[in-house]
Every structure is written in structure tokens, then in C-alpha cells.
Amino acid sequence: MPGLAAQVERHSVVIAIGGVAVRVNTADADFLAMLEERYAGFVIAETSGDAGAEHEFDVDLIPPAPSDPDVDVSVTYRSGRWLMERGDFRAEWDPAARRGWIRQSANPYSIDAVLRIVHTLVLAGRGGFLLHSASAIRNGKAFLFAGASGAGKTTISRLAPADSTLLTDEISYVRKLDVPQQDERYVAFGTPFTGELAKLGENTSAPVTALYLLAKGEENRIDPVTVSDAGRELLANMLFFAEDEELVYSAFQAACDFVHCVPVYRLTFMPDARVWEMIG
């Protein structure tokens, strides 16, 4: 039915996170509108046939199917393509062609998961990573606050002073940049991946000054962390989906490189805004 398929009008939106732009194509105008609202601030206006997207996905909407919310996502590499699957979606991505497809119902959660997976794969080849952490900019410097659920990522975000810029309260986007005639440095970018605050981060960036490992306590205190402990905790908080030996090594190397370049501390704090006097 190639003739019929050609008559279907396709709509597109380009979503740029961390400087990596992904074009999403869909035949459903309502789904497109939902994406534009969901990723507001991270959408690039298409004024021509190409808005600079590095990667492209065609989304085919299907009826919702019963699924187990506890089923983990599966990410495998076969014949040059990444296959991604969870109870609520199936997707395939060819990194060489930079194209793929997604089959899901009309909801924002499935494509959100696919975008996170794709960005982890892209970053793995560039020395960067997604991290379970809040992040914010103050005085031109980015600070990361990592920890598992309940560690205080949302709390430290709520306590941030008015002169700070929230990048995320849940998942930080860290890239390793090579700057001519300067040392390699790490930059944190804002993301639309939200936690309890349900608030999109600002689409901006700044060099990473420090990583704080969060712990709730009876006082505000900052303690140094050894490089070996920092590396282990960083790896424990990285988002990683694929069971691929090469990518596992890339993640390990990224963690090692980061903790040798960026100071890592343990931040024990009370739910009191004065903790930020110790940070920025």
C-alpha cells in the first residue's frame, strides 16, 4: 500500500536536549501538540526542511495494551541496530543511519523513555552520561546533587535560592567538551526529565564545578570523598540501560575520567535553605 502511505500527512517536532537534536515524526496532530507542550523550551522551530536534527524517529501510534509497570526496559544491539522494548512501547534505532521508529500509544511516558535511552547511547560515545541527580546553576557554575530516590534531590532543588537556575530535579545531562587551548571540561545541561517538582529544567548550560552525594542528616556538612568511592557512587547513579560490554566499559571510563576532573563531596543537610550558603 505504498500509494496510500504516501498520502498520510506527517507532522514533525525537533526536541533538542544537551545540544543533541532529535526529530520526531507523527501522523497524529494531537500527539504532536502533546509533545510540543511536554517538551516546551526544548523544541526547535522548523523554519526549513532541516532544523539541524542529528537523529530522527517515526512514531506509529497503536491502541494502549495492558502492561506490567514493573517490567524493566530491554535494550539490545543486533545487526547494527538498537532494539528497545518495554510493556508500553517497542522501538528500533539505527545509529549509523541516525534513524529509527517507535510504536506506542498516545502518551508522553513511552517516548520520554526512548529519548532517555537514545541520549545515554549517544553520550556513551562522547564521554558523557545521564545521572540520577538534581542540578542547578549559580554564579555561572553548575552543581550536581546525586542520590537514589529519597536522598533529597527534590528537597535541595526546592531550597535553591532565587539567584540560581534549576536544570533538573531528577536527571542531569552531563557532556564532556573539548575546548581548544583549554583543558577538557564537563558541562551540565538542562533537561525536560522531571521528578517530584514536575517542573522542566531551563534549557541552558554551565561548566560543572562539583558533584555532591546527598545524605539527609541533623546538620549541614560537606565532607570530601575519595576518588575510588566517588567513582563507585557515580556509577551507581548513572542511567544505563544496555547490557553491552563496550558500553559498560565506556560508562566505567566516563566515571573514572569525571571523578579525576571534578571534585566530589558528600553533602549532609537538613531541609533548610541555609545549606546553599555552603554550596554556591
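Start by selecting R103 and W101: R103 lies over the face of W101, at 4.1 Å from the ring centre. A charge counts as sitting over a ring if NZ of Lys or CZ of Arg is within 6 Å of the ring centre and within 35 degrees of the ring normal. Before you move on, note that this is a predicted model, in which local features need pLDDT of at least 70 and side-chain atom pairs count only at pLDDT 80 or more, while totals for chains, interfaces and linings use all residues. Residues are numbered from 1 along each chain as its sequence is written, and side-chain values use heavy atoms, with hydrogens and water left out.

Next, pick R38 and Y39. Here R38 lies over the face of Y39, at 4.6 Å from the ring centre.

**The open sheet**

Now switch to a cartoon view. Eight strands form an open sheet with mixed pairing, in the order β3-β1-β2-β4-β8-β7-β6-β5. At its edges are β3 (43-44) and β5 (74-78), each of which pairs on one side only. Helices (H or I, at least four residues) and strands (E, at least two) are DSSP runs, numbered from the N terminus; two strands pair if DSSP finds at least two bridges between them. Strands of a sheet pair through backbone hydrogen bonds, either parallel or antiparallel.

Colour β2 (residues 20-26). How many bridges pair β1 with β2? There are seven, in the antiparallel sense. I15 stands opposite V22 in β2, and the hairpin of β1 and β2 has two residues between the strands, with G18 taking a positive phi near 60 degrees. With β4, strand β2 runs parallel, joined by five bridges; look for V24, whose bridge partner in β4 is F57.

Are the residues of β2 buried or exposed? Seven of its seven residues are buried. Buried means under 20% relative accessible area, exposed over 50%, and partly exposed in between (1.4 Å probe, protein chains only). In a regular strand the side chains alternate between the two faces of the sheet. Show side chains and you can follow both covered faces of β2, with V20, V22, V24 and T26 on one side and A21, R23 and N25 on the other.

Then jump to β6 (residues 81-86) and β7 (residues 89-94), which run antiparallel and are joined by five bridges. Select L83 to find E92 of β7 opposite.

**Helix α2 and its neighbour**

Select residues 29-38, helix α2, which packs on the sheet and touches β1, β2, β3, β4 and β8. Its buried residues are F31, L32, L35 and R38. The arc is that of the directions from the helix axis to the C-beta atoms. On the other side of α2, D30 and E37 are exposed. The buried residues of α2 pack against β1, β2, β4, β8 and α3 (108-124).

Stay with α3 and pick I111, which lies in this helix. I111 is buried, with a relative accessible area of 1%. Which residues does I111 touch, not counting residues up to four places away in sequence? They are V24, L35, Y39, V59, I102 and Q104, where contact means heavy atoms within 4.5 Å.

**Helix α5**

Move along to residues 227-237, helix α5, where A230, G231, L234 and N237 are buried. Seen down the axis of α5, these residues fall within an arc of 135 degrees, so they line one face of the helix. Turn to the other side of α5 to see R232 and A236, which are exposed. What covers the buried residues of α5 includes β9 (129-138), β10 (141-146) and α6 (245-261).

**Rings and loops**

Now select F143, F145, Y212, Y265 and W276, which form one aromatic cluster. The structure holds eight aromatic pairs. Rings of Phe, Tyr and Trp (its six-membered ring) pair if their centres lie within 6.5 Å; planes under 30 degrees apart count as stacked, over 60 as edge-to-face and the rest as tilted.

Most residues other than glycine have a negative phi, and most peptide bonds are trans. S79, in the loop between β5 and β6, has a positive phi near 50 degrees, and is exposed, with a relative accessible area of 72%. A198, in the loop between β13 (185-189) and β14, has a positive phi of about 55 degrees and counts as exposed at 60% relative accessibility.

Key:
Axes fitted to C-alpha atoms, helices over the stretch in contact; angles between N-to-C directions.
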